[in-house]
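Me: I have not worked with this structure before. Could you take me through a few parts of it?

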Amino acid sequence: MEELDGEPAVTVIPGVNSKKNQMCFDWGPGEMLVCETSFSKKEKSEMVPSCPFIYIIRKDVDVYSQILRKLFNESHGIFLGLQRIDEELTGKSRKSQLVRVSKNYRSVIRACMEEMHQVAIAAKDPASGRQFSSQVSILSAMELIWNLCEILFIEVAPAGHLLLHLLDWVRLHVCEVDSLSADVLGSENPSNHDSFWNLVTILVLQGRLDEARQMLSKEADASPASAGICRIMGDLMRTMPILSPGNTQTLTELELKWQHWHEECERYLQDSTFATNPHLESLLKIMLGDEAALLEQKELLSNWYHFLVTRLLYSNPTVKPIDLHYYAQSSLDLFLGGESSPEPLDNILLAAFEFDIHQVIKECSIALSNWWFVAHLTDLLDHCKLLQSHNLYFGSNMREFLLLEYASGLFAHPSLWQLGVDYFDYCPKLGRVSLELHIERIPLNTEQKALKVLRICEQRQMTEQVRSICKILAMKAVRNNRLGSALSWSIRAKDAAFATLVSDRFLRDYCERGCFSDLDLIDNLGPAMMLSDRLTFLGKYREFHHMYGEKRFADAASLLLFLMTSRIAPRSFWMTLLTDALPLLEQKQVIFSAEQTYELMQCLEDLTSRRPVRGESDIQQLQDEDIETTKVEMLRLALARNLARAIIREGSLEGS
């Protein structure tokens, strides 16, 4: 396992004194609970409560930002599209698709950055404004790094074209020149503007020579004395050989033309053609790639990578990718000049110029506040077949590890967890296990949310999680006395024990109220009633009521007797069943045969003979026993009468 590059940052919790008292903490999947205990670090001290608060420390707070949530949502769709790119595509078609995906990611970052910038401007609270501005800087750095990785690792631009891409990269990210240009050109006399020569210099530093020539023409018009040398400088800018995207010339031809052009610039410098105008002479030195002249423009260059690209443009425009690291390191050293140390962003860009992908990912993981950037960039580079050989020591590759970390952070959010599911799906080794662990921790606050979670589990055949969720929902329904919902969830969970418990509640309610609730559910149990004996009894007992209501007395009587003799009915419910038999026993037509009547008598005797002997009873118990005794006597009388009628009827039928 690799050692950390440095000590992790210390998080200070306001109000907690860790030096005085012992701390208590508990880790969660995305956060940690911290509080002070009553125990002091000093021996023999009194146990007195100190801090009464429990602090929640989250490792990924960016998921709670409204604007960054848009970044997560938009990039989720791009991620899914990338996973579906046809693996059979090869060559230019596959490369163009991967470049398009990369540009889509960058456009999402830029859109969020612009929105965050507007929010920072509109912020009324200075602290909030600073926070949003900090986020803008982070998003800008992310887009800068991603764009460079796109050029070097995904497009893999060859020599010549590489510099064109790097120029576009610098122009996109050093954009102060546009506002400066608007300011200068908006004045009455642009050539007399204080920032006129700064603007021309920046345009030359960025290789925007056509625009620089237009500005020089304004100087020539305003100052006839310098018109001649402005025209010469304009011709040098116009004739500078650059490999354009549609140009078919070879690198050798370009190098020869560039060498001739460079020699011509040298002659003008040696002849002191521009000695009368220090600004134009400075521009000529820049176009000759003079390092001292470039470093004099530090303020206009603003950063070392701008210096690097300008230096390459005017000294080695056909630089090969393999030589970039040398120029990058020397440019960083020259620009900083030993006055300051490289920032984390500098180290990341330097690693990219060295084509060290793993170092780029490592540095970004340390520097950035969340896993979004490294997870998506690594996934894209993995699709470019650039990370195939790099496995981590614990079995999962780098792509999967970072996606798992990012998805785990999403599960800490009350709504973004749904995005995390898809990221887990595309982690072939540990994704399913991680999803099972995280999905069990989702708080099922509403039934709608529970149904979402359940649908996700069912789509992935996560049987245990489906059962667990259904049981939780069934328990909640029972606590809220929603028996129909509880029974439905217990059936869905295939939990026989809980289905039996809910069925008992249904039967108890029936005994108390004389009717069933949720008749539609009970009437349509179907094969689900076979889940448990009690549920079977509930369904069959409801079927008995249907038969009785339809005046199918013979079928109802047979079913009632079957429920008792087969012992499906709980013994506690036998008296209710026997009481239900009374109206059938009192019918004018004989419903129960003699044999069936004997069986009913046997059930009644079994029930009464096994009654527990009670001790001293209160008045209510005595009254209940009197009612029970009366029922038994009525049943015995009805059974005796029905038996006599059944014997006479059966004897008459035999005689005839």
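Predicted model: local features only at pLDDT ≥ 70, side-chain atom pairs only at ≥ 80, totals over all residues.

Me: How do the axes of H18 and H19 cross?

Reply: The axes of helix H18 (residues 398-410) and helix H19 (residues 417-425) cross at roughly 160 degrees and come within 8 Å. Angles over 145 degrees count as roughly antiparallel, so H18 is roughly antiparallel to H19.

Me: Is that crossing left-handed or right-handed?

Reply: The crossing of H18 and H19 is left-handed.

Me: Which residues meet there?

Reply: From H18, the residues are Leu-403, Leu-404, Tyr-406, Ala-407, Ser-408 and Leu-410; they meet Trp-417, Leu-419, Gly-420, Tyr-423 and Phe-424 of H19. By class, this contact of H18 with H19 has 9 nonpolar and 2 polar residues, with no charged residues.

Me: Changing topic, where is Thr-378 found, and is it buried or exposed?

Reply: Helix H17 (residues 372-383) contains Thr-378. Thr-378 counts as buried because its relative accessibility is 0%, and the cut-off for buried is under 20%.

Me: What does its side chain reach?

Reply: The side chain of Thr-378 reaches the backbone oxygen of Val-374, at 2.5 Å. Leaving aside residues up to four places away in sequence, Thr-378 touches Ile-361, Leu-387, Met-398, Arg-399 and Leu-402.

Me: And Leu-152, where does that lie?

Reply: Leu-152 lies in helix H3 (residues 126-155). Its relative accessibility is 5%, so Leu-152 counts as buried.

Me: Which residues does Leu-152 touch, not counting those up to four places away in sequence?

Reply: Leu-152 touches Leu-162, Leu-324, Ala-352, Phe-353 and Phe-355. Leu-152 and Phe-353 are 201 residues apart along the chain, and their C-alpha atoms are separated by 7.8 Å.

How values were computed
Residues numbered from 1 in each chain as written. Heavy atoms only, no water. Axes fitted to C-alpha atoms, helices over the stretch in contact; angles between N-to-C directions. Helix = DSSP H or I, 4+ residues; strand = E, 2+ residues; numbered from the N terminus. Parallel < 35°, antiparallel > 145°, perpendicular 65-115°, else oblique. Left-handed = near helix turned anticlockwise from the far one by under 90°. Contact = heavy atoms within 4.5 Å. Nonpolar A, V, L, I, M, F, W, Y, C, P; charged D, E, K, R; others polar. Buried < 20%, exposed > 50% of the residue type's maximum accessible area, 1.4 Å probe, protein only. Polar contact = N/O pair within 3.5 Å; in protein donor to acceptor, adjacent residues only side chain to side chain.
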